[in-house]
Amino acid sequence: MVVGGKDISGKECALIACCEEDDLSVLDGVRIPMERTAALNKWKMVGEVLVPGVLNPGDVEKTDGCAQAAALADKF
């Protein structure tokens with residue numbers, strides 16, 4: 001795919017998202033469009049980190065989400 005005269009295919013991308021709910025399916029509204037965008041643009045989806053149960057400041061620190069995000073970043 002070409003955007004603004006530049007070929008953007010072959011890029012790598014990833015998704016990192018958190019939500020208040022414990023049910024990760026609520027992130028489908030973010031995850032599915034991201035996956036479709038990657039496929040349309042011929043990008044490689046390197047991975048995703050989806051962290052449930054994050055509502056209040058500091059909640060993410062009670063999960064392994066930050067460690068997962070760091071491990072995902074190392075894949076780039």
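Predicted model: local features only at pLDDT ≥ 70, side-chain atom pairs only at ≥ 80, totals over all residues.
Here "buried" means under 20% relative accessible area, "exposed" means over 50%, and "partly exposed" is whatever falls in between, using a 1.4 Å probe and protein chains only.

Residues are numbered from 1 along each chain as its sequence is written, and side-chain values use heavy atoms, with hydrogens and water left out.

**Overall layout**

The protein chain has 2 helices and 4 strands, where helices (H or I, at least four residues) and strands (E, at least two) are DSSP runs numbered from the N terminus. Walk along the sequence and you get β-β-β-α-β-α.

As for dimensions, the C-alpha trace spans about 45 × 25 × 15 Å along its principal axes. The radius of gyration of the protein chain is 15 Å, whereas a compact globule of 76 residues would come in near 11 Å. That radius is taken over C-alpha atoms, and the globule rule is 2.2 Å times the number of residues to the power 0.38.

Contact means heavy atoms within 4.5 Å. Take the contacts between residues at least 6 apart in sequence: 67% of them join residues at least 24 apart.

The chain carries 8 positive and 13 negative charges, and their mean positions sit 12 Å apart. Lys and Arg count as positive, Asp and Glu as negative, with His and the chain ends not counted; each charge is placed at NZ of Lys, CZ of Arg, CG of Asp or CD of Glu.

**The buried side of H2**

Helix H2 runs over residues 65-73, and its Gly65, Ala69 and Leu72 are buried. They cover an arc of only 60 degrees around the axis, so they lie on the same side of H2; the arc is that of the directions from the helix axis to the C-beta atoms. The cover over the buried residues of H2 includes strand E3 (12-18) and strand E4 (44-51).

| Residue | Relative accessibility | Class |
|---|---|---|
| Lys42 | 58% | exposed |
| Ser9 | 27% | partly exposed |
| Asp59 | 11% | buried |
| Pro52 | 29% | partly exposed |

Lys42 belongs to the loop between helix H1 (28-40) and E4. Its phi is near 60 degrees, a positive value in a residue other than glycine.

Ser9 is in the loop between strand E2 (6-7) and E3. Ser9 and Lys44 are 35 residues apart along the chain, with 8.8 Å between their C-alpha atoms.

The loop between E4 and H2 holds Asp59, and Pro52 is found in that loop between E4 and H2 too. Leaving out residues up to four places away in sequence, Asp59 touches Gly53 and Val54. With neighbours within four places set aside, Pro52 is in contact with Cys19, Glu21, Asp22, Leu24 and Thr63. Pro52 and Glu20 are 32 residues apart in sequence, yet their C-alpha atoms are 6.1 Å apart in space.
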